Amino acid sequence: MKREIINTDESGNLILPADMNEIAMTEYEIAALFGVIVPTVRAAIKASYKSGVIREGDAKWYLHRENGNVIEVYSVETIVALAFRVNSFGAHKLREHLFHTLRMNGTRSAVHILLTCPRIAEAIPPN
């Protein structure tokens, strides 16, 4: 499996890979993307498991390297869920990108569902 990650440039803009299904990131890479420390990411992952937002079996998997090392990576669904749980500049940029993509694709029903949640509705300006 070819593994891609989400990065940011010097200006704070997201750099997304062409194939979103290939995204798999380690805790360290997620922490760097969000601009937080790794224990914050771990706590958010554990809280997401406990609340039932993500299931551990769906959230992560293990990549076996040629040198015998094993890397624990998290799926794009987990990264998106963490973006809504962590309050940081990087997480905000990812959330902003997601909402912008939803609006541009004309999926008004998905945006309407998100806007009905009171915490999310405060963060999104009206059209």
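This is a predicted model: local features need pLDDT of at least 70, side-chain atom pairs count only at pLDDT 80 or more; totals for chains, interfaces and linings use all residues.

Me: Is Thr 26 buried or exposed?
Reply: Thr 26 has a relative accessible area of 15%. Buried means under 20%, so Thr 26 counts as buried.

Me: What about helix H1 itself, how many of its residues are buried?
Reply: Helix H1 covers residues 27–34, and six of those eight are buried, so the rest of the structure largely encloses this helix. The buried ones are Glu 27, Glu 29, Ile 30, Ala 31, Leu 33 and Phe 34.

Me: Which residue follows H1?
Reply: That's Gly 35, and its phi is positive, near 75°.

Me: New topic: serines. Where is the place of Ser 48?
Reply: You'll find Ser 48 in helix H2, which spans residues 38–51.

Me: Buried or exposed, that Ser 48?
Reply: Buried, as its relative accessible area is 1%.

Me: So what lies 2.9 Å from a polar atom of the side chain of Ser 48?
Reply: The backbone oxygen of Ala 44 does. Here's a handy bit of background: an α-helix has 3.6 residues a turn, so residues three or four places apart point the same way.

Me: Nice. Which residues beyond four places in sequence is Ser 48 in contact with?
Reply: Those are Val 53, Ile 54, Leu 82 and Arg 85.

Me: What does the side chain of Ser 75 make a polar contact with?
Reply: With the side chain of Glu 77, at 3.2 Å.

Me: And which residues is Ser 75 in contact with once neighbours within four places are left aside?
Reply: Ile 23, Asp 58, Ala 59 and Trp 61. Take Trp 61: 14 residues separate Ser 75 from Trp 61 in sequence, and their C-alpha atoms are 7.9 Å apart in space.

Me: Let's switch to helices. At what angle do the axes of H4 and H5 cross?
Reply: Roughly 110°, with the axes of H4 (residues 76–83) and H5 (residues 89–104) coming within 9 Å. That makes H4 roughly perpendicular to H5. The crossing of H4 past H5 is left-handed.

Me: Which residues make the contact?
Reply: From H4 you have Ile 79, Val 80 and Ala 83, and from H5 there are Ala 91, Leu 94, Arg 95 and Leu 98.

Me: Now zoom out for me. How many helices and strands are there in the protein?
Reply: Seven helices and five strands. Going from the N terminus, the order is β-β-β-α-α-α-β-β-α-α-α-α.

Me: Last one: what share of the contacts with a separation of 6 or more comes from residues 24 or more positions apart?
Reply: That share is 43%.

Definitions and conventions. Residues are numbered from 1 along each chain as its sequence is written. Side-chain values use heavy atoms; hydrogens and water are left out. Helices (H or I, at least four residues) and strands (E, at least two) are DSSP runs, numbered from the N terminus. Buried means under 20% relative accessible area, exposed over 50%, partly exposed in between (1.4 Å probe, protein chains only). A polar contact is a pair of N or O atoms within 3.5 Å; within protein, one must be able to donate a hydrogen and the other to accept it, and residues adjacent in sequence count only if both atoms are side-chain atoms. Contact means heavy atoms within 4.5 Å. Axes are lines fitted to C-alpha atoms, for helices over the stretch in contact, and angles run from 0 to 180 degrees between N-to-C directions. Angles under 35 degrees count as roughly parallel, over 145 as roughly antiparallel, 65 to 115 as roughly perpendicular and the rest as oblique. A crossing is left-handed if the near helix is turned anticlockwise from the far one by less than a right angle, and right-handed if clockwise.
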